[in-house]
Amino acid sequence: MPHRRRRREVAQNTLWSIADEGIVLVVSMVGLLVLVPELGNEQYGAYAALFALIGPLTAFPQSGVPLTVLEHTMRNEEPVETVARSCMSIAVLMSTVLTPVCIVLGLLFYESIDPVTIVLFMIAEVFVQSIWLTFTTVTQVARSFRAGVALRIASQLLRVAVIIGLLIADSVTLGHIALANCVVLTLRMAIALLSARWLRLDSALPGRIERSHLRSTLTYSVGISASIAHNDSDKVVLEAVGMHREVGIYAAGQRIVALAMLPLNGFTTSAHFAVLTGARYTVDQRRKALRFSLAAAFYAVPTAIALYFLAPVVPHILGSDFDESVDVIRLLTPVLVLRGLAVFPMNGLLALGHNPLRSRILVFNALFSISLYLLLIPEHSWRGAVVGTIISEAAAIALAWAFLVSKQRAADRMASVPDPDVELHEQALEAVEEITASEAPL
């Protein structure tokens, strides 16, 4: 029965995640169709590289904290209010510390961007967004999965409203985008926090920080930060070596591939809930990872093929400045398949209780990919970034599956070793049953 209930829960959560990813797809498409032609390849490249620069740092409050909320409430079954209040305080503390750090990094690395734009951008995307993502996760565990998804959908609609509003006003510039997002996202967060008690979400307000929650946040964050560095450091390296035009071309092509991955992201998000709840039961995580990976490949393979042949349409939509993005898209299509083959064995390690090992794999792979980018990009431009990405994705798959198979075997051996206390208890029960049976009236 629990197994059937978990399957139904995964199906429902997947539908809500797909709805969420569908809205993200719409917002991303609007952003791509508006921002890329309006900003041009150099300004769009700077915009994408700015996100790439802060990504590894924002992983701590924006990914590590929400995942800690899920683990300690769903897997460890701790009281929601204790976990939520502690994690909300961690999110506030981390975002307060990281926002000025990101501002300084932005000012140092991007002299071509107005300093006020950088400050507004960091306030919105580091401080406000970090607290908001924790709030939506708390809503998921305190109310329901769909309630949290509904908040995220509303937030995405606000973002697309900002873009369309700027387009109508003929004011699509980096400065105006940063200012509008800062104002709108801050108002959104303020309204949500002021309404927390009315929505019976008192647990979403900050409280005492628990050491175990901070430790889990750091463990999660290190791995995710490394994963983001692995995914986005290619754009930072391109920008750092002065290939400003190439950053825009590469970022646009990479963005289109990312759009094709959104349904897959919805599936992996819902599957993460199944991993956390299923960890409380005896489950073969190797077999589960294989099933999930095959399901992901069923979507990824035909999508990658379709994307390869549809790539020439892109310059007709984005403009002739992005002709080279066709080659970027075609060369990056294998990533659609590779990502799905790596994420589920990583989740399997998490379910087996090997999150530190999972983080070490991600850190190693990030360092490996950055080394490849530094080696290949100066000589081969964005083509070096593509080669480095594919090699590092293949390495991630090999490491994840090798360790999952090894740890599952170890878990199976442990499960097969009889517990002396359990054996004694079972022997006692058998003896009582025999005595009871012999004394039973005819």
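Helices (H or I, at least four residues) and strands (E, at least two) are DSSP runs, numbered from the N terminus. Residues are numbered from 1 along each chain as its sequence is written. The model is predicted, so local features need pLDDT of at least 70 and side-chain atom pairs count only at pLDDT 80 or more, while totals for chains, interfaces and linings use all residues; side-chain values use heavy atoms, with hydrogens and water left out.

Q: How many helices and how many strands does the chain have?
A: From the N terminus on, the elements run α-α-α-α-α-α-α-α-α-α-α-α-α. The secondary structure comes to 13 helices and zero strands.

Q: What share of the residues of the chain counts as buried?
A: Buried means under 20% relative accessible area, exposed over 50%, and partly exposed in between, with a 1.4 Å probe and protein chains only. Of the 442 residues of the chain, the buried share is 50%.

Q: Among contacts between residues at least 6 apart in sequence, what share joins residues at least 24 apart?
A: A contact means heavy atoms within 4.5 Å. Among contacts in the chain between residues at least 6 apart, those that join residues at least 24 apart make up 83%.

Q: Which residues are linked in a network of salt bridges?
A: The structure holds eight salt bridges. One of them joins Asp234 and Lys235, with the closest N and O atoms 3.9 Å apart. Asp234 is buried at a relative accessible area of 0%, and Lys235 is buried at 6%. The network links Asp232, Asp234 and Lys235.

Q: How many disulfides does the count come to?
A: A disulfide is taken as a pair of cysteine sulfur atoms within 2.5 Å. Cys87 counts as buried at 0% relative accessibility, and Cys182 counts as buried at 10%. By this rule the number of disulfides is zero.

Q: Which helix supplies the largest share of the lining of the second largest pocket?
A: On a 1 Å grid over the protein atoms alone, a cavity is a set of points where a 1.4 Å probe fits but cannot get out, and a pocket is an open set with protein on both sides within 12 Å along at least five of seven lines; lining residues have an atom within 4 Å of a point. The second largest pocket has 15 lining residues, and Met29, Ile256, Leu307, Val314 and Ile317 lie nearest its centre. Helix H1 (2-75), helix H7 (244-260), helix H9 (285-310) and helix H10 (314-318) each supply at least two residues of this lining. The largest share, four residues, comes from H1.

Q: Which helix supplies the largest share of the lining of the second largest cavity?
A: The lining of the second largest cavity includes Ala46, Phe121 and Asn181. H1, H3 and helix H5 (174-194) each supply at least two of its residues. The largest share, four residues, comes from H5.

Q: Where does Ser381, which has a positive phi, lie?
A: Most residues other than glycine have a negative phi. Ser381 is not a glycine, yet its phi is positive, about 55°. Ser381 is buried, with a relative accessible area of 16%. Ser381 lies in helix H12.

Conventions
Salt bridge = Lys/Arg side-chain N within 4 Å of Asp/Glu carboxyl O.
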